[in-house]
Amino acid sequence: MTFHPFDFDGQALQARASGALLWPARRWLIVADLHLGKSERMARRGGALLPPYETLATLDRLEAEIAATDPAVVVSLGDGFDDDAAGRALPDDICDRLRAMAQGRRWIWISGNHDPAAVCPRLPGDSLEQLSDGLILRHEAGAGPDVSGHFHPCIRLAGQRRRCFLVGRDHLILPAFGAYTGGLEVTDRALQALVPKGIAIACGARALPVPVGQGRRAGAA
Amino acid sequence: MTLPPAFQDWFARQGWQPHPHQLDLLAATGDSLLIAPTGGGKTLAGFLPSLVALTAPHRGMHTLYVSPLKALTADIARNLSRPVADLGLDIRIEDRTGDTKAGQRARQRVDPPDILLTTPESLALMLSYEQAPAIFGGLRRVVLDELHALAENKRGDQLMLALSRLRALAPDLQVTGLSATVEDPSRLARFMGGATVIHADPGPDPDIAMLATAKAPPWAGAGGHYAVSDVLEAVAQATTTIIFINTRAQAELFFQALWAANDANLPIGLHHGSLSREARARTEAAMAAGELRAVVATGSLDLGIDWGAVDLVIQVGAPRNVKRLVQRIGRANHRYNAPSRARIVPASRFEVIECVAALQAVRERDLDGDDRGPGPLDVLCQHILLTACAGPFDADALFAEVRTAGPYAHLTRADFDACLEFAATGGYALRAYDRWQRLMERDGLWRLRDPRAARNLRMNIGTIVEAEMLKVRFRGRGGAPLGEVEEGFAATLAPGDTFLIGGQTVRYDTLREMVVEVTKQPSKEPRIATFSGMKLATSTQLSHRVLALIGDPAAHAGLPADARDWLALQARVSTLPRPGTLLTEAFPHQGRWHLAVYGFAGRNALQTLGLLMTRLMEEAGLAPLGFLATDYALLIWSLDPVTDPAPLLDREGLREGLGDWLASNAVMKRSFRNVATIAGLIQRNLPGARKSGRQATFSSDILYDTLRKYDPDHLMLRITAAEASRGLVDFGRIEEMLDRTDRLDHRMLERVSPLAAPLMLELGRVPIAGQGRERMAEAEAAAMMAEAGLS
């Protein structure tokens with residue numbers, strides 16, 4: 001399936017295979033950790049000159065998700081820009097495309113640790129620290145229940161590492177939507193502390209739910 | 001130069017006569033390449049001119065010695081100290097490798113020793129310092145050891161680029177290459193930028209033959225286990241034996257089989273690249289101390305310290321390559337001028353023929369060598385960046401300098417400029433980094449935009465890119481390290497699976513913080529450990545010999561009786577493959593149609609051919625189900641028969657398929673990762689950086705996919721595609737196979753032919769599956785949900 005339906009904090013949600021979260025009742029599309037401008041930031045700091053196409057690639061996928069779901073509200077759940085300077089340095093054609101995507105809908109940039117200002121004066125939308133409207137949306141998980149990003153969760157499945165949603169009782173953690181983003185395995189202590197037991201929903205060609213935490217493969221160990 | 005009296009006396013006191021080649025090298029006035037067998041006093045020959053010259057005072061570094069192995073530099077330092085002390089020479093000799101302490105390194109930069117012993121990587125690092133002109137300005141001699149081995153890979157290309165720098169910094173430089181026996185000394189001389197070849201007396205012909213075994217080799221398989229008791233007997237009769245085996249997994253299995261039959265408790269050790277460094281060092285120390293009667297080894301022992309006591313080499317499995325066989329035989333060199341003794345153990349009937357062909361080639365001193373082609377551009381990219389670390393440079397001057405390096409003698413200006421462009425701006429079609437160029441041109445000179453970048457660039461030095469390896473440990477607190485396995489292998493393990501490592505069977509328990517945790521499982525039969533994906537293919541020339549031998553019934557007299565009968569039956573039932581004809585056979589077996597293609601192009605090329613032909617079969621509606629490749633033949637099974645193989649072997653069709661298939665192929669992604677790491681596009685993972693599950697960086701696969709989509713003509717993709725003609729994809733040998741094929745001979749048979757029968761028993765079948773990976777993931781996820789009661 002291109003999405004996996006589940007309930008969190010009393011709301012019916014869909015984890016999409018792309019890594020975006022859809023809240024159908026409100027028509028909200030939520031994406032975390034776009035990290036736009038990542039290769040520009042690395043080059044600016046004297047690092048490798050990576051193929052400067054990750055922002056294009058991320059926007060191509062975001063555009064496809066917006067076309068498929070026609071949301072009323074789009075939320076970037078923090079780290080939308082790889083840093084505030086990267087946000088300001090976005091090329092004109094990228095800004096044009098983002099403006100076109102935002103046409104006729106509300107756009108919210110939640111700030112993250114990479115982009116505390118979370119603004120690009122040339123882009124539409126509001127910048128917020130967090131959002132509490134039926135669900136609590138913030139960049140980093142706090143006192144639950146909340147929906148957050150930040151950790152870039154990943155899971156190994158059939159020998160492959162895939163980005164995933166991590167769903168527990170108190171926290172729903174989104175995968176990174178941006179193209180050049182590493183990840184943290186769901187077995188890592190930091191993620192286990194937040195979601196000791198729950199499901200991971202692996203992204204890829206299809207959204208695949210997998211149990212995580214206590215009880216996983218208890219018989220085999 | 002002639003040998004001064006003090007040196008003549010020294011030789012006399014040792015009871016030695018200088019070898020003629022040692023005196024030739026001393027007399028040489030230009031660059032030289034010495035070809036000498038192991039034990040021929042090669043190293044002393046290389047250093048003699050320096051020792052003689054250093055009897056007169058000299059300021060700064062006089063001689064630089066480069067070897068592929070860190071261990072060799074320490075060994076050489078020890079060996080040289082004796083003549084230096086005996087002759088009362090005032091010479092400082094030091095080594096400098098990745099292990100040298102920081103304080104010592106810093107001192108060497110200010111006050112270099114007379115003779116410095118180092119590796120290609122450490123040399124590249126030293127050349128990237130601003131002080132390089134001062135360190136190397138007075139250099140008079142360079143000695144390149146084991147040049148035959150260095151010339152086989154990118155380390156040699158990097159070394160030749162470093163040499164071009166040294167020649168520019170010290171124009172009076174005299175270079176000496178030292179090499180084991182190679183097929184084409186003049187090619188190796190060109191590789192080092194031109195040199196006079198000096199041949200040492202090659203010594204007597206080796207005593208080499210097949211090991212007589214009680215049992216005949218099996219029809220298929222690669223382990224050679226049928227010969228375990230014969231090998232043990234040979235070990236018992238020799239003083240010290242090296243048993244070479246082609247892959248690490250086979251070495252583990254053979255080692256275990258040897259010990260299971262080792263009733264006399266002969267001390268036998270194991271040495272291969274997947275063992276922990278401690279385990280390898282223990283084996284080497286025991287070997288040097290004469291405590292071992294035999295060591296089971298892979299290519300990890302191809303080079304290295306001479307163990308004088310080795311008097312027998314046993315090669316288990318077909319040698320794949322005559323040159324490597326000769327060099328391995330040379331390890332049994334207990335005395336110069338005594339013949340090396342070696343025995344070969346074919347692992348299967350097909351390998352019997354390859355072994356007979358290889359023995360003929362050894363006797364005829366006909367060595368093989370597949371041309372590596374021009375110097376790779378990723379290494380040049382790294383060289384340009386490191387040159388910038390040392391200081392501003394002029395592009396025209398650097399281009400001229402690089403062309404003095406043998407592998408880059410025919411480099412075009414366009415390719416050089418593409419590499420410079422990559423180093424400066426990334427070389428992207430989308431010009432995104434005009435503000436943040438890595439190199440910029442000012443006053444006609446190229447330099448680092450941000451000098452702080454030099455640190456990262458230096459950390460990325462080198463051309464060896466290891467597969468991502470995971471440590472293996474026993475479970476529990478402070479569990480002992482056993483070795484390493486490739487991450488890809490670890491990913492295929494499920495809890496409870498068993499595999500062999502370090503000669504013991506272990507059970508996989510869990511993966512914790514990037515360490516594979518296992519428990520001992522002595523009683524259980526191990527699952528085959530395939531922790532090294534790299535398999536060496538039989539060389540082009542040896543393949544031709546095998547094909548010629550099979551195709552010529554008059555030559556079958558030289559084969560063992562069972563192999564003779566086997567080929568005679570094949571000639572009756574079908575026909576023999578012979579040079580100029582590509583034999584294919586189609587036959588039904590167990591409800592499936594099979595197509596055997598006797599390509600004799602090596603397993604990597606035939607594996608690629610299998611992927612490409614099954615694609616064409618899929619398009620033709622023949623419903624291919626799977627295939628397998630050996631060094632000699634390709635076997636494809638399908639629901640419908642192939643009645644005309646010609647369209648499936650059409651050169652254009654195959655080449656087209658190659659382009660599409662490469663897009664998503666894991667082998668190509670691995671090549672890309674190597675290329676991108678060497679060129680400096682991605683930073684290598686430093687040891688310790690992957691301790692936790694946190695992936696500091698995204699995978700290189702993402703960069704590969706992104707580039708293919710948005711910048712398909714980028715330099716990195718061009719280099720990656722060029723590598724596909726050799727190595728694991730080896731498309732060049734598919735073309736070579738088609739070139740030597742004058743006609744196709746297709747036989748429709750009623751049943752399996754004698755030549756095809758062993759193929760049916762081979763391991764390594766590749767299923768054809770489009771959505772296979774996705775279906776596997778789905779099934780695994782569903783099973784886990786069900787197990788957790790969540791479905």
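Predicted model: local features only at pLDDT ≥ 70, side-chain atom pairs only at ≥ 80, totals over all residues.
1. Overall make-up of chain B. The chain has 791 residues, and 45% of them count as buried. Its secondary structure comprises 30 helices and 27 strands.

2. Domains. The assignment for chain B lists four entries. Domain 1 spans 5-199 and domain 2 spans 207-363. Domain 3 covers 469-535. Domain 4 is given in two segments, 540-665 and 729-772.

3. Domain 2 against domain 4. In chain B, the centres of these two domains, taken over C-alpha atoms, are 31 Å apart. The contact involves 16 residues of domain 2 and 16 residues of domain 4. On the domain 2 side, helix H15 (residues 349-363) of chain B gives the most, with ten residues. By class, that side has eleven nonpolar, three polar and two charged residues.

4. The six-stranded sheet. In chain B, the strands run in the order E8-E13-E12-E9-E11-E10. The sheet is open and the pairing is parallel. Strands E8 (207-210) and E10 (268-271) of chain B are at the edges; each has a single partner strand, so one side of each lacks a neighbour in the sheet. From one strand to the next, the twist averages 20 degrees.

5. E8(B) pairs with strand E13 (residues 341-345) of chain B over four bridges, in the parallel sense. Asp207(B) has Arg341(B), in E13(B), as its bridge partner.

6. A helix on the sheet. Helix H12 (residues 248-261) of chain B packs on this sheet. The helix touches E9 (240-245), E10, E11 (294-297) and E12 (310-316) of chain B. Its direction makes about 150 degrees with that of E11(B).

7. The largest nonpolar core. This core has 211 residues. Met192(B), Val231(B), Ile243(B), Val295(B) and Val296(B) have the most contacts inside it. Take Val296(B): neighbours within four places in sequence aside, this residue is in contact with Ile243(B), Ile245(B), Ala251(B), Phe254(B), Phe255(B), Leu258(B), Ile268(B) and Leu270(B).

8. A second core. A separate core holds 57 residues. Among them are Phe151(A), Ala176(A), Leu191(A) and Val195(A).

Definitions and conventions
Residues numbered from 1 in each chain as written. Chains lettered and ligands numbered in written order. Core = buried A, V, L, I, M, F, W, Y, C linked by C-beta atoms within 7 Å. Buried ≥ 20, exposed ≤ 12 C-beta atoms within 10 Å, placed from the backbone. Contact = placed C-beta atoms within 7 Å. Domains from an automatic or database assignment. Helix = DSSP H or I, 4+ residues; strand = E, 2+ residues; numbered from the N terminus. Nonpolar A, V, L, I, M, F, W, Y, C, P; charged D, E, K, R; others polar. Pairing = 2+ DSSP bridges. Axes fitted to C-alpha atoms, helices over the stretch in contact; angles between N-to-C directions.
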